[in-house]
Amino acid sequence: MTLASSHPFDDKANREVERLLRSRRADQPAPPPPAGAPKIRVEGLTVSFSECAVLRHIDLSVLPNERLAIIGPAGSGKTTFLRSLNRLNDLEPTFSHTGGILLDGMDLYAPDVDVAVLRRRVGMVYAVPIPLPWSIYENIVYGLRLAGVRDGTRLDELVESSLRSAFLWDEVKDRLNELATNLSGGQQQRLCVARVLALEPEVLLLDEPCSGLDPISTARIEEALLELKSRYAIVLVTNNTKQAARASDRTAFFLMGELIEVGPTQQIFTNPVHGRTNDYITGNFG
Amino acid sequence: MRLLPRTTQRLAVGFMWILAAVTVGVLVFIIGYILFHGLPHVTWAFLTESPRSMGREGGVLPMIVGTLLVAGLAVLIAAPVGVATAICLTEYTREGRLTAIIRFGADCLAGIPSIIFGLFGFVFFVMTLGLGFSILSGALTLALMVLPTIIRTSEEAIRAVPPAYRDVSFGLGSTRWQMVTRVVLRSALPGICTGVVLSVGRSISETAAVMLTAGSALTFPRSVFESSRTLALHFYILSREGISMPNAYATASVLILAILGINLAAYWLMRRFVAKVVV
Amino acid sequence: MKSEKIIRGLLIGVALTALSGLGLIAAFVFKEGIPLMAKVGLGKFIFSSDWYPAEHEFGIFPMIVGSLEVTAGAMLVGVMFGLGCAVLLTQFCPPRLVSVLKPSIELLAGIPSVVYGFIGVVILVPLIREHLGGPGLSVLAASIVLGIMVLPTITSISVDALQAVPRSYVEGSVALGATGWQTTHMVVLKAARSGIVAAVILGMGRAVGETMAVIMVAGNTLEIPISPLDPVRTLTSNIALEMGYASGDHRQALFATGIVLFVIIMVLNTIALTASRRRAGRARAR
């Protein structure tokens, strides 16, 4: 049984996380809603695999410097949506789509887009931490070397800064040459976050990053996200509605491939517009 | 008379131990017998001189060189081609009917007797292409012979790399080629090397295919276009024609020591590699 | 992006060259051999016992029988030793001895066939001649030598099959009070059956294809061997012995012999493939 449970009514783990977070930060005012042109704009996106539609007519924006949570039951297309944002779905031979995704006004699916560069601008952290079978240092510099960074000093700097941003530096600074697989699950996931941060992306995509992690690691990651949103736009897919409630600014509710509702997190969780949103949040299904 | 299960077990396991002991015994006997009769004759002169009077006297230097050239060239050709083919089949094409057929074909060809490769090499390389009996003909024939094995073992090694690594690599902004070389090959290297080492061993031991393509000249080969005799073939001829038993044993000893050396080196390399790259 | 296309093209080019080179072999052998088979008549070629190249008589029946008998004998020896070692290695062998037994078997696989043949001629053949009669160069000698040569193949594939049996089977059986041997022969061997069959079939393929060792210990007469002590000529020996000086029809007849070998190997491989596919299918259905 995972401790950071996904069932909204399993309050024990959620209460634990909230207690940890509260004890760390003093009373902070609710963050102001972010303003400005959207970082990512999705217009009428329909995604199909082998003619079978998984997402239908999604219209959603991701604003800069916000944390957007995406919630919904299993199979509602949340991960597919996320993977469309950095074109990882291209790897599926049966993938096809209509509609557009714009990053800073640029169409992601334009023919002359360099996918590798895109994936560095829009970085992704997966549900299961997947460290490559190398040292901690090599894990982080892999992406940097791919991007052409060769200077040893610069690499060292970026390794340190990314590990600090992921709240992992203090724990591993003396053992950067150790195998990454020797780290605990929570540390590995933070390593994966650092790995992505080292590339200095503009958008962070996180696919249920805390599933299977203990409350302390979960709290650390959520804390990191709060810190990071000042520099990046963050999209967080989560099965845990409590996590969405405490760790995001806006929330979008997906159901069976459709976007049902999106709005400020406070409003979604206290006064949702759609009945189905309310049903999901209160645990009537899901 | 019904035996107790415990007794049956003792009998069965005891019998298997006898089988295993015989197996190891046979190995030790073969190696011991050859080395016992041959090592006394493996002198520095033996290793560095050319044979005289059809191999009755002298050494096996040309055979050593010939073996190295034929086997070395064969693996030099087959390894890159085989690994590239394996990469193509696993990473650059979609899994389907075609790849299944190709894999079946490669498996079949891995089982084709070496004599048939010899046949083909004789007619194609020696005669049709006009290369004559030469190290090159032998090397090309052997390359074709070990190619299916290299393709198969490389493919298996590449498939063993977890698919998640590929996702991670792409997510960090790599091209497919970067992913293949920096992540997949790095993890698959031990398995690929095993296949290559197996092929080197097979090339060195091969006689039938070499006999029909590289010929059996006793002279020192000055180029790959000349015919040459490999150690295994020399051993065969010496023993079959009864030319010189001491030299036959000595040749076999050199051959066995070389194979032992290669196996040991591969084993040691594997342990160093695997310790570094823990999958 | 374009460099990726070039790389892909290059790799496909190399792969096609390699595969067509291999396909060329099959094509060549068939091209050279089929005309002769047609000339002589397929039935006569396979079933006639008259192999007199000088008089254009090409019947390979004695060699087919020879190959069959030698292979059968080799299987008796090879399966007993090979499977026995495999079961021992996976079920009953303490780890210390595994590191002795396993490398020994792998080393056996590396010994050149000419060395096997030589030891056969020098040790085994006189032994048979003195104690069992006959010329010593016989089906028996060839079977024993070949059996030892294919032992490593059978062992390694059987070990894979045996190790693939789920631990739960073994644990279930032991929990019911079965001894190790009862578990092995009632549960494990049955579960690994198709893998073991594949191992035996592949061992058969290797035995059929072996040339040098057989030439040295089998006698190479053209009579159909009746008793295990009779000398024998196999299909492979036939080719190897006569290729050096054959020409015209004679050479084509040797190619035709090669076709027969080819077909036998393909049939064996197909059987082995369907056997292992059945195993995989059953595994997936679990």
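**Ground rules**

I am working with a predicted model, in which local features need pLDDT of at least 70, side-chain atom pairs count only at pLDDT 80 or more, and totals for chains, interfaces and linings use all residues. Residues are numbered from 1 along each chain as its sequence is written, while chains are lettered from A and ligands numbered from 1 in the order in which they are written.

**Entry 1: helix 4 of chain A**

I use contact for two residues whose C-beta atoms, placed from the backbone, lie within 7 Å. Helices (H or I, at least four residues) and strands (E, at least two) are DSSP runs, numbered from the N terminus.

Next I checked burial. A residue is buried if 20 or more other C-beta atoms lie within 10 Å of its own, exposed if 12 or fewer, and partly exposed in between, with C-beta atoms placed from the backbone. Helix 4 (residues 136-146) of chain A has eight of its 11 residues buried, so it is largely enclosed by the rest of the structure. Among the buried ones I noted A:Ile136, A:Asn139, A:Tyr142 and A:Leu146. After the helix comes A:Gly148, with a positive phi near 100°.

**Entry 2: a sheet in chain A**

I then traced an open sheet of four strands in chain A, with the order 2-1-4-5 and antiparallel pairing. Strand 2 and strand 5 (106-107) are its edges, as each pairs on one side only. Two strands count as paired if DSSP finds at least two bridges between them. Strand 4 (residues 95-103) and strand 5 of chain A pair in the antiparallel sense over two bridges. A:Leu103 has A:Met106 of strand 5 as its bridge partner.

**Entry 3: positive phi without glycine**

Which residues of chain A did I look up here? A:Ser50 is not a glycine, yet its phi is positive, about 50°. A:Ser50 sits in the loop between strand 1 (40-49) and strand 2 (52-62) of chain A. With 9 other C-beta atoms within 10 Å, A:Ser50 is exposed.

A:Met256 also has a positive phi of about 50° and is not a glycine. Its place is the loop between strand 9 (250-255) and strand 10 (258-264) of chain A. Having 14 C-beta neighbours inside 10 Å, A:Met256 counts as partly exposed.

**Entry 4: chains B and C**

I put these two chains side by side. Chain B has 11 helices and two strands, and chain C has 12 helices and two strands. Along the sequence, chain B reads α-α-β-β-α-α-α-α-α-α-α-α-α. Buried residues make up 52% of the 279 residues in chain B and 50% of the 286 residues in chain C. Along the principal axes, the C-alpha atoms of chain B fill a box of roughly 70 × 65 × 35 Å, and those of chain C one of roughly 70 × 70 × 30 Å. Counting contacts between residues at least 6 apart in sequence, I found that 76% in chain B join residues at least 24 apart; for chain C the share is 74%.

How many residues of chain B are in contact with chain C? There are 63, and they meet 57 residues of chain C. Helix 1 of chain B gives the most to its side, with 17 residues. That side of chain B divides into 46 nonpolar, 14 polar and three charged residues. Here Ala, Val, Leu, Ile, Met, Phe, Trp, Tyr, Cys and Pro count as nonpolar, Asp, Glu, Lys and Arg as charged, and the others, Gly among them, as polar.

**Entry 5: the core, and a cysteine**

A nonpolar core is a set of buried Ala, Val, Leu, Ile, Met, Phe, Trp, Tyr and Cys residues joined through C-beta atoms within 7 Å. In the largest one, of 252 residues, B:Leu119, C:Ala141, C:Val145 and C:Val217 touch the most other members. Helix 6 (residues 139-163) of chain C gives the most to this core, with 16 residues. Leaving out residues up to four places away in sequence, C:Ala141 touches residues including C:Leu124, C:Ile128 and C:Val217.

Last, I looked up C:Cys93, in the loop between helix 3 (61-92) and helix 4 (95-110) of chain C. C:Cys93 counts as buried, with 20 C-beta neighbours inside 10 Å. Its contacts, not counting residues up to four places away in sequence, are C:Leu88, C:Val98 and C:Leu101.
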